[in-house]
Amino acid sequence: MGKEKMAGWGFSDSGIFLAGGPCSAESEEQVLTTASALAGNGVDFLRAGIWKPRTRPGSFEGVGLKGLAWLQTARAETGLKIGTEVAEPSHVEACLEAGLDILWVGARTTTNPFSVQAIADALKGTEIPVLVKNPMNADVGLWIGAIERLANAGLTKLGAIHRGVSSSLEMRYRNAPTWKMPIELMRLMPEIPILCDPSHICGKAELISTIAQEAMDLLFDGLMVEVHPDPPHALSDAAQQLTPAVFLSMIEELKISQEQSDSLPFGKQMSALRDGVDEIDSQLLELISGRMKLVRKMGHLKSRQKVSTLQPHRWQAILEDRVRKGTGLNLSEDFVLQLMQSVHEEAIRQQESDRLNEM
Ligand code: PEP
Ligand code: MN
């Protein structure tokens with residue numbers, strides 16, 4: 001974690017990779033005020049949206065090209081590097097012309113391979129660093145595909161940004177954090193640096209520091225945070241923007257984790273605990289396999305009696321019982337539900353595969 005994976009990108013090599021700045025560039029004064037508050041404080045680039053993808057028409061859709069000139073002025077006055085979101089080839093051309101230091105592809109764009117390909121084609125032959133936000137839905141393949149399209153266009157300075165996943169079922173966060181998705185990206189593309197955007201995950205300023213800290217504990221390489229000099233009057237995403245002072249003190253207080261420690265006592269204790277975990281995992285798998293043997297016997301009985309594989313009433317009763325027992329054992333309801341759903345899916349798969357073989 002840190003900046004090892006960004007060597008050669010042209011940014012400082014100390015600390016985590018940090019982007020801060022308003023959701024949208026709104027006026028030259030707002031951009032300059034933010035930039036001068038952030039410069040010299042370990043921020044790697046000033047972020048500001050120029051073209052804003054909004055859910056409903058009629059919302060503020062960004063200031064367009066003139067915002068690029070404000071960003072250039074901010075860089076000239078403060079030395080901060082500058083970056084913005086590109087969603088189509090005309091944006092890429094304008095940003096290359098304006099000499100931006102870094103670009104990112106937004107979540108809505110990543111969702112659409114045609115758009116990503118058009119952006120990749122427009123970037124061919126350049127060396128500019130590009131960060132790719134995860135798509136709106138929890139599809140790690142689509143995220144990887146977007147990064148691959150840019151890599152195939154010859155870009156080598158590529159990173160990812162985790163900004164959570166849109167879901168009408170999510171209550172607490174604006175976009176559910178779904179950490180398993182970026183963790184899977186880290187596993188499949190270990191060379192790609194990954195930032196967390198806690199602003200779009202949280203949707204509310206007061207939740208941001210917890211998610212930012214969680215990202216550090218999960219070995220993210222940096223953060224992109226929305227920072228505005230006057231959040232309540234922001235023209236977009238007002239509820240989730242931090243003032244520069246709040247942002248800088250949050251960064252100051254972050255505890256940065258390393259993947260390993262040289263401490264011998266730590267290593268000894270961890271390895272004893274890991275042996276315990278390995279043993280329990282083996283038992284878990286054996287227990288589940290034993291459960292599946294019973295499930296298959298039931299499958300044969302059902303099949304002979306022409307009874308359906310799915311037993312909705314029994315399934316409902318199992319869920320209620322296991323959630324009650326699991327929550328009594330300090331497991332979250334969500335976890336027990338997901339675990340039992342996976343077990344049930346495998347049980348159905350095994351019963352159905354036997355049934356089809358018997359036919
Ligand atoms: C943004 O960064 O301002 C933005 C629009 O984010 P996302 O693409 O994650 O919605
Ligand atoms: Mn925003």
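**A working chat on one structure**

Student: With which side chain does the side chain of Gln240 make a polar contact?

Tutor: The partner is the side chain of Glu226, at 2.7 Å. A polar contact is a pair of N or O atoms within 3.5 Å; within protein, one must be able to donate a hydrogen and the other to accept it, and residues adjacent in sequence count only if both atoms are side-chain atoms.

Student: What sort of model is this, and what are the conventions?

Tutor: This is a predicted model, in which local features need pLDDT of at least 70 and side-chain atom pairs count only at pLDDT 80 or more, while totals for chains, interfaces and linings use all residues. Residues are numbered from 1 along each chain as its sequence is written, chains are lettered from A and ligands numbered from 1 in the order in which they are written, and side-chain values use heavy atoms, with hydrogens and water left out.

Student: Is Gln240 buried or exposed?

Tutor: Gln240 counts as buried, because its relative accessibility is 1%. Buried means under 20% relative accessible area, exposed over 50%, and partly exposed in between (1.4 Å probe, protein chains only).

Student: Where does Gln240 lie, and what is in contact with it?

Tutor: Gln240 belongs to the loop between strand 8 (222-226) and helix 10 (244-253). Helices (H or I, at least four residues) and strands (E, at least two) are DSSP runs, numbered from the N terminus. Leaving aside neighbours within four places in sequence, Gln240 has contacts (heavy atoms within 4.5 Å) that include Arg174, His200, Lys204 and Glu226.

Student: Which parts does the pair His200 and Asp237 tie together?

Tutor: His200 lies in helix 8 (residues 198-202) and Asp237 in the loop between strand 8 and helix 10, so the pair links parts that are 37 residues apart in sequence. His200 is buried, with a relative accessible area of 9%, and Asp237 is buried at 15%.

Student: Changing topic: how many strands are in the closed barrel?

Tutor: The closed barrel has eight strands, ordered 1-2-3-4-5-6-7-8, with parallel pairing. Two strands pair if DSSP finds at least two bridges between them.

Student: What are the partners of strand 6?

Tutor: Strand 6 pairs in the parallel sense with strand 5 (residues 130-133) over four bridges, and with strand 7 (residues 194-196) over three bridges. Within these pairings, Val130 stands opposite Leu158, Lys133 has Ile161 as its bridge partner, and Ile161 stands opposite Leu195. The chain crosses from strand 6 through helix 7 (residues 180-188) to strand 7 in a right-handed β-α-β crossover. Right-handed means that, with the strands pointing away from the viewer, the path from the first strand over the helix to the second runs clockwise.

Student: Why is strand 6 largely enclosed?

Tutor: Strand 6 (residues 158-162) is largely enclosed by the rest of the structure because five of its five residues are buried. Leu158, Ala160 and His162 point one way, and Gly159 and Ile161 the other way. In a regular strand the side chains alternate between the two faces of the sheet.
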